[in-house]
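Subject: Aromatic pairs in the attached model

Hi there,

Here is the structure I promised to pass on. Please have a look, and my notes follow below.

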Amino acid sequence: MHRILQNYTGTFALRETKQMPGMLDWFGWCTWDAFYQDVNPQGIRDGLKSLSEGGTPARFLIIDDGWQDTTNEFQKEGEPSREGSQFGARLMSIRENKKFRDAPNCNSSDRPHGLKDFVSNIKGTFGVKYVYVWHALMGYWGGLHPNSPGTKQYNPTLKFPLQSTGNLTHRRDISMDCMEEYGVGTVDPERIFEFYDDLHSYLASQEVDGVKVDVQNILETIATGSGGRVSLTRHFHQSLEKSISNNFPDNGIICCMAQNTDSVYSSKASAVTRASDDYYPNNPTTQTLHIAAVAYNSLFFGEVFVPDWDMFYSLHDAAEFHAVARAVGGCMIYVSDKPGKHDFEILKRLVLPDGSVLRAKYPGRPSRDCLFVDPVMDGKSLMKIWNLNKVSGVVAVFNCQGAGTWPGLENSVQLDSLELCGEISPADIDYLAEIAPQSWARDFAVFSFKSGALSRLSMQGNLSVNLKTLQCDVFTVTPIKIYHQEIQFAPIGLINMYNSGGAISAVEAIGDFSCNIIRIKGRGEGIFGAYSNADPKFCNVNMDEVEFKWSSEQHFLKVHVPRGTNSWEMDIHF
């Protein structure tokens, strides 16, 4: 459908044609849930330090809301905080605020001398490869200040958003309600490219690599008198993407609050967009809902973007639930932990010691048997999400029942923890022809991360799965192929990682009649697992012999990949 629509309209592009930002393949940290608007340079240093010292260094950083030069006439300093007043704040200039600049007469070497010095320092000190900063589509929540010397050149005018009846009957949103009350300093459409280009060129000069652009849905509420929502959105997106292209050559943009079709069908270059509401760490009723919502939304968004599953806390009751979802989501993987508040056991199942992640190939989407059931509220269905790696498939299973409800249905069910039984099968994975011929008649090796068990299944075979509410498991599925005429072999990957198969880049048979070798290329340290019907003679990693174990009962081969190994070439000799 999207391909036909793309050819017909010419206003957007499919995901597969877009440039992918480099940060997608690296572990990230976002400052939002760590600090909210109190983000500051020292806090960022503390967070990067604690993640690095724990063995999961963040190579990608988002400095979220709280770095900009703003003013708020609705919240005076020293007065009691008024809920929602932050959404009335307006941008005073395109530069950073005083937290990220030197205070007058401050000679402390620990303080940055400006945004550029700070960004350069954390890149050099902590090995951060990509630094993104947050801004709203209109600059800030309340737009631009109409009379500020730093913004008046963009001719901002105060407009009061008008929300649609449909949105209001679905769910109220405090940010939109407050912007409706306080108004938004709206950039003159004739000056919007100038504003973006000035902002982004300044950020690029400060060694910033990209932006997270939030509040993109605001245009549909202020378009009256400006040509209508569709044409206004298209104009803003064209200006935004042109500026990104001019200033961030890695296509450094993450779209946020951009789920309306006006935005989706105006995206020719933006490759990453949020596919859900925010992650709410303090709301226990939204944890399961978040996973199900992103999976289903990815059926739509995944054709045009890499869906962004949002950040999460690694130290949280639902941390593993969220971590497994990101592992199979084919998305960027980033947390928003407070400094020193981490679960490194979970993080090390997602992140390699060099800070890279094992990102799956496609947007993670529901299996076909989940398309017309309700895995959140029907009391019986498990949620299954599938993806592919280069030589294997992966299926994650979640029990999303009994811990949350869809918006508008909060009072329709009683929330009780449930233990459910379901099944997974190699047939749950679409696109299997990419890793096995369509006429594939042999079996698959299936590895359960939770149990550590290896099974052999036919295409239509299945395994039973029992999960309590907020429990999950992830299964790596690899076709068993015949090498050297008699060796039945299927690489699983690094079995200490949630997405085990993401560690493997290639498998081949080498040798002659006197020497039968299976060579696997991959990356990361830990335990490599594989199905093998034969006991190897010995195994080498990067030409050094290493320890291995082989189970004749499960045909489970485990090879030790030494600590400190990044990329490797493993030769298994039979």
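To start with a question: is Y182 buried or exposed? Y182 is buried, with a relative accessible area of 4% (buried means under 20%, exposed over 50% and partly exposed in between, with a 1.4 Å probe and protein chains only).

Some background first. This is a predicted model, in which local features need pLDDT of at least 70 and side-chain atom pairs count only at pLDDT 80 or more, while totals for chains, interfaces and linings use all residues. Residues are numbered from 1 along each chain as its sequence is written, and side-chain values use heavy atoms, with hydrogens and water left out.

Searching the whole structure gives 22 aromatic pairs (rings of Phe, Tyr and Trp, the last by its six-membered ring, with centres within 6.5 Å; planes under 30 degrees apart are stacked, over 60 edge-to-face, the rest tilted). One of them joins F12 and Y265: the ring centres are 4.9 Å apart and the planes stand at 50°, so this pair is tilted. F12 is buried at 3% relative accessible area, and Y265 is buried at 15%. Together with F300 and F301, these two residues form one aromatic cluster.

Y182 pairs with F74, with centres 4.2 Å apart and planes at 25°, so the two rings are stacked. F74 is partly exposed, with a relative accessible area of 24%.

K18 lies over the face of F305 at 4.3 Å from the ring centre, and K129 lies over that of W26 at 4.7 Å.

Best wishes

How values were computed: Lys NZ or Arg CZ within 6 Å of the ring centre and 35° of its normal.
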